[in-house]
Structure formats: C-alpha cells, structure tokens
Amino acid sequence: MCGIVGYVGSASSAPILIDGLRRLEYRGYDSAGLAVHGSRAIEVRRAVGKLRNLEAALAERPLDGHVGIGHTRWATHGRPSEVNAHPHVAGPIAVVHNGIIENHLELRRRLVAAGCTIASDTDTELVAHLVHLEVERGKDLESAVRAALGEVRGAYAIAVLSSREPDRIVVAKASSPLVVGLGDGENFCASDIPALLPYTKRMLFLEDGEMAVIEAGAVQVTTIAGKPVERAPRVIDWSPVMAEKAGYKHFMLKEIFEQPRALEDTLRGRLDRENGDIHGHEIGLSDADARAIDRVVLLACGTSHHAALAGRYFIEALAKVSTSVEIASEFRGRDAVIRPGDLVIAVSQSGETLDTLIAAKEAKAKGAKVLSIVNVIDSAIPRMSDATFYTHAGPEIGVASTKCFSTQVANLLMFSIWLGRRRDTLSPARAAELVEGLARLPQTMKDVLSGTRQLVANLARRYVDARDVLFLGRGLSFPIALEGALKLKEISYVHAEGYAAGEMKHGPIALIDNRVPVFVLLPKDSHHERSLSNLQEAKAREAIVIGIATEGDEQARTVSDDLVEVPDIAEELTPFLTVLPLQLYAYYVADFKGTDVDQPRNLAKTVTVE
Ligand code: M6R
C-alpha cells in the first residue's frame, strides 16, 4: 500500500507534490519519488527511505514544471530500493501506482517477449510498459491507459504522465483509493483526502472501474470502458490543521488529545437528549428492520476489531441480540454461515482495509445487510454498504489508531441504544442516562487526559525497559486490555499481551514474575470484585501491578504498586476513560525508546493487501 499524488496547474508542482506526499507518508514510507514534466521531457527523482531523502535529492537536482506525479511506497513486489521506487518510466510514460497487479508474472513474460527491458522487480513498471506499447501503436494517452488496463487484473490506483501530452495526468482506479481535488485553474489527485486539504476542499471520488483525465482547467471522468460519468463534487469539511501536528511532537500524541473533540463531533446531531434516544436515520434501518434482526456479526481488523468487541458487549447487553465478532481475515478464510436476517457491521477507520472489505462483500453476497462504521467518507467499504454510520474523528495520521477507536466505540454504543429502544429491551430511563453520559463524555475525557498525562509518562519512564507487559480486563475492559497491548506492541516493539483476566489462571499466569508490569483494568463495574481477585493473583506472583481503577477505590490502591484513577462513570462508558492512560503509556514508552512513533517499522496506516 502506497500513497500517490498528482498536480496540474500553473504553480511549480514539486513542492505541492512533496507536501501531499508528506501527508500520505502514513500509507508507506520505504521510498518515494516524483516525475515532473520539464521543458522537454519528463524528469524523475527517486530515493530510498523517508521523504526527507527525496527532498535531499531534489535539493541537489531540483525539478521544475507545472505538471507532476508523486509516490510514497510500501513495498509489495520487490524490496525497497531506488530502482523499485516509483515513478516507473517506459519511453515517454511515467506511472505511479498503489495496489497489486495480480497477473504480473504473465504480463512480465509477455512484455519481455515483446522486447521490453524491465528494470525493476515491481508490478507497476509493467503498467508503464503496457501504456508505452499502446502509445507506440498511435493511441493518445487516455486511450492507451484504457487499453493497457484492459490487460491488467488486480487492485490499482494509478496516475500516468506522457511527455507527448504535457498538460494532463490520466488516473484510474480499481479497488485502491483515489480522489480528485478540484481547484481554481489547477487540479489534483491523491490517495487520500488529507494530501489535498491545504489546496482544495472540493473533491471528486472515483468509483472502481473509472478513470479521469485531469487538466488545469477541466477534469473528465469516464469508465475505463469509455462511458462518460457525471459525478458531482463533494465538499470536505476537514480543515488542513486537522491533518497537521498543531505543536505536538507526534501525530499520535495530538490524536490522543484530540479525542474529546473527535467524540464531540461524532456525537453531534445524534444524541436525542429530549427523548433519551439516538437520531438513527444514518443507520439505514426502519424500526421494523431493527426488530427483525436475528443476529449481528461484526467484522473488523486490529484496533477496529477491539472496538467491535466492545460493540458486542453493548449490543447484547442493551439490545439483547446475539452478536459475534469476527477478525475479517479469518471470516474470509472459512465458509461462515450468514443468513438473510443477519445484520453485518463492518468497522474500519480507513474504509479501505482489504480484509474487511472483502469479508463484508462476502457477507453481502450471502444475503446480509451491511452497515458500516467508517471514518473516511466515500471510501470503499461505505460504497459497498447498505448504510454507513460515519465516525467524525477527522483525519487520523498516526499509524497507531487512537481517536478513531474512541469514536468507533461511541458509534457502536449509539447504535446499541438505538436498537435497544426499538426492540424494547432498553428502558427509556436507562437510555436517557446513557445519552446524558455520552453528552458529558468529551469533558470527562479531557479531564482524564490532563489529569493522568504526567503520572503515566512517569510510569512509562520507570518501566520503559520491561521486556514483557501484560494487560488484564474483564467484560468491557477485556477489549481495552487487548487494545493497550496492541498499542504498546506496534509503536514501542515491546512484547505485550492482552488477556481476559479470568483466563490468566489457565496458562498465561506462568509468565508472571517480578520483572513483568501487569496493567489490571478494574473500574467499578459488575466485574470489579473478580478483577480485584485477579489483581491479587498477579501480585501474589510478584508482578509489578498497575491498577487502572475508579477514583476512591481503596482496595485497588492497597494492592496496586501504581494506580491510575479515572472518574466514576456508567459501566458502558468506562472504556472511553480506561483506554486513555493505556494509549498514553504506549506513546511515552515509544517516545522514550526513540522509535518512529507515527510510522512504526513494518506497518502502514491502511492495509490494502490481503
Ligand atoms: O482502517 P482500519 O480500521 O480498517 O484498520 C484496521 C487495522 O489495520 C488498524 O486498526 C491497525 O490495527 C492499527 N494500526 C492499530 O493501531
């Protein structure tokens, strides 16, 4: 998975492309490159590693021109190297690509047989050669791209330049994200909205199987087969500052502290405080549909999967509907039983995670209705869903998901309240309490963040060298334990495990000794007594116990080595508070270790490969 960007206008293109790539670096960062129409030919600069290496290359040999394309890479075919970095060039053609060409072996054989010299190990270069061959047969760039794509199978978002048509970029999309930005006398394209926000908020979203010819004064969309497409632009209300660091050292830290605002935006217009209910029109189900649901199946990956686990708890407790949670990649791997009465909920920040997308498509093909909970508007999952209940967290840039987790949990709770009211399983009084609790939540989260930041930073400093860390929780605290462990693993590279606290005695307790910090989540909820016993079990094995408990919990204070307190709150709302110190802990451990917090090794923000 990679990021692509393009510019056509009257400004110098290289700085705009570099700026766009910086905002897309979360999609991949093992090499980067630009191709710009110079005075006579297309000029290319490429560099291995972070974008700063490309900037250094450009400082030595600047690029001058008003039309260009750029790419930041996360390797799929061929190791990270300059020769494998995009753009790839064949004759007058330069191509950047995000995705995977499935029939690359067959194409490579054919192109070599046709006399092409292929320099890289990538699948992308093959597209450049295919377009080149078509241009050599006399086609213009648009027709050449169309013909070349007729031979390609797989996922792609591509942007193509030809030195013979220096006033345009041709782009095309199948399964990988691509957005066209509409400016005034200039136009853009990119893999994702934040890359374009400083330049325009008017965006055209291409559908799979569509392409566009982008010139400074016009954008023409057609299907790849050649049928004209009329598409109205959408105005995006994210501000560019939302996609910048705003004085924080890392995006992740900024995004942790943005959670109260993200929650507020996500709750806005949805809480019906007058009637103790949720305005649920975006859920796309009638009251009769809500009553007819037999079963809910939640599909998600990674952090979104942890949000889905919290969602199961809400749906079962508040709406009394049997609910299962599936890791999307595992759901796909078996012939899962889905019946027409099932409601499938796909949860995804990006809306582009391929495993979740394909799993949701499979479920839909088996007759389920698909509701999605997604942050990025008009991304692939919303487009295939029957309805989308968007989170409004704004762009999340840090690879480690934080604010999107909280907003996903909020949407799942709102959905469950809405469902419970329609199915008469949730009393109006209890629903009103939860709605009021949600309305107060942003302020409470703000207090927890400011109240625990220093304490948690101190804990991180104290335990930064721990080789293993455990996170334990029961009920709603179990997904939070999993999330705490995932955060720590992915950004600090410390081995961490999240466990259902009651499961410890069935094996993992053997891991505990006096060098292992154990975070025990024990807010005052229906599991409190048993969680306290688990804390004592860990303590008895000499673990370093860090309790995350409700303010004033003297029992927790007595047994814990360290205690982080959160305010007393309704059980359903505890995850929103207890997750905060765990996000901060992971952040500070990573920062003290000096890892690349926003772009941890081997990871990418959006996983569009299987
Ligand atoms: O965009 P999605 O929510 O579908 O992404 C799913 C996972 O790839 C994602 O949550 C990943 O686990 C994060 N890096 C976790 O912080």
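Predicted model: local features only at pLDDT ≥ 70, side-chain atom pairs only at ≥ 80, totals over all residues.
Student: OK, at what angle do α1 and α2 pack?
Tutor: Helix α1 (residues 13-24) packs against helix α2 (residues 51-60) at an angle of about 170°, and their axes are 11 Å apart. That makes α1 roughly antiparallel to α2, a label for angles over 145 degrees, where under 35 counts as roughly parallel, 65 to 115 as roughly perpendicular and the rest as oblique. Axes here are lines fitted to C-alpha atoms, for helices over the stretch in contact, with angles running from 0 to 180 degrees between N-to-C directions. Helices (H or I, at least four residues) and strands (E, at least two) are DSSP runs, numbered from the N terminus.

Student: And which residues of α1 and α2 meet?
Tutor: From α1, Ile18, Leu21 and Arg22 meet Leu51, Leu54, Glu55 and Leu58 of α2, where contact means heavy atoms within 4.5 Å. The residues of this contact of α1 with α2 divide into 5 nonpolar, no polar and 2 charged; Ala, Val, Leu, Ile, Met, Phe, Trp, Tyr, Cys and Pro count as nonpolar, Asp, Glu, Lys and Arg as charged, and the others, Gly among them, as polar.

Student: What about α13 and α14, how are they arranged?
Tutor: Helix α13 (residues 403-422) and helix α14 (residues 428-463) pack at about 165°, with axes 10 Å apart, and are therefore roughly antiparallel to each other. Ser406, Leu413, Met414, Ile417 and Arg421 on the α13 side meet Pro428, Ala431, Leu434, Val435, Leu438 and Met445 on the α14 side. The residues of the contact of α13 with α14 divide into 9 nonpolar, 1 polar and 1 charged.

Student: Leu434 turns up there; which residues does Ala570 touch?
Tutor: Leaving out residues up to four places away in sequence, Ala570 touches Arg430 and Leu434. Ala570 sits in the loop between β26 (562-566) and α18 (574-593), and its C-alpha atom is separated by 8.0 Å from that of Asp525, 45 residues apart along the chain. With a relative accessible area of 28%, Ala570 is partly exposed, given that buried means under 20% relative accessible area, exposed over 50%, and partly exposed in between (1.4 Å probe, protein chains only).

Student: Switching to α4, is it mostly covered or mostly exposed?
Tutor: Helix α4 is mostly covered, since 11 of its 13 residues are buried, among them Leu126, Val127, Leu130 and Val131, but also Glu125, His129, His132 and Glu134. The buried residues of α4 pack against β5 (88-90), β6 (93-101), α3 (104-113), α5 (141-149) and β7 (154-162).

Student: What comes after α4?
Tutor: Gly138 follows α4 and has a positive phi, near 105°. In α5, the buried residues are Leu141, Ala144, Val145, Arg146, Ala148 and Leu149, and they pack against β6, α4, β7, β8 (169-174), β12 (210-214) and β13 (219-223).

Student: Which residues have a positive phi without being glycine?
Tutor: Tyr493 is one of them, with phi near 65°, in the loop between α15 (477-492) and β23 (495-500); Tyr493 counts as partly exposed at 30% relative accessibility. Glu542 has a positive phi of about 70° in the loop between α16 (528-540) and β25 (544-550), and at 52% relative accessibility Glu542 counts as exposed. Most residues other than glycine have a negative phi, and most peptide bonds are trans.

Student: So where is there a cis peptide bond?
Tutor: A cis peptide bond joins His86 and Pro87, with omega about 0°, and Pro87 lies in the loop between β4 (67-73) and β5.

Student: Last one, is Ser176 buried or exposed?
Tutor: Ser176 is buried, having a relative accessible area of 1%, and is placed in the loop between β8 and β9 (179-182). Not counting residues up to four places away in sequence, Ser176 touches Asn98, Gly99, Ala155, Tyr156 and Ala157.

Terms used:
Residues numbered from 1 in each chain as written. Heavy atoms only, no water.
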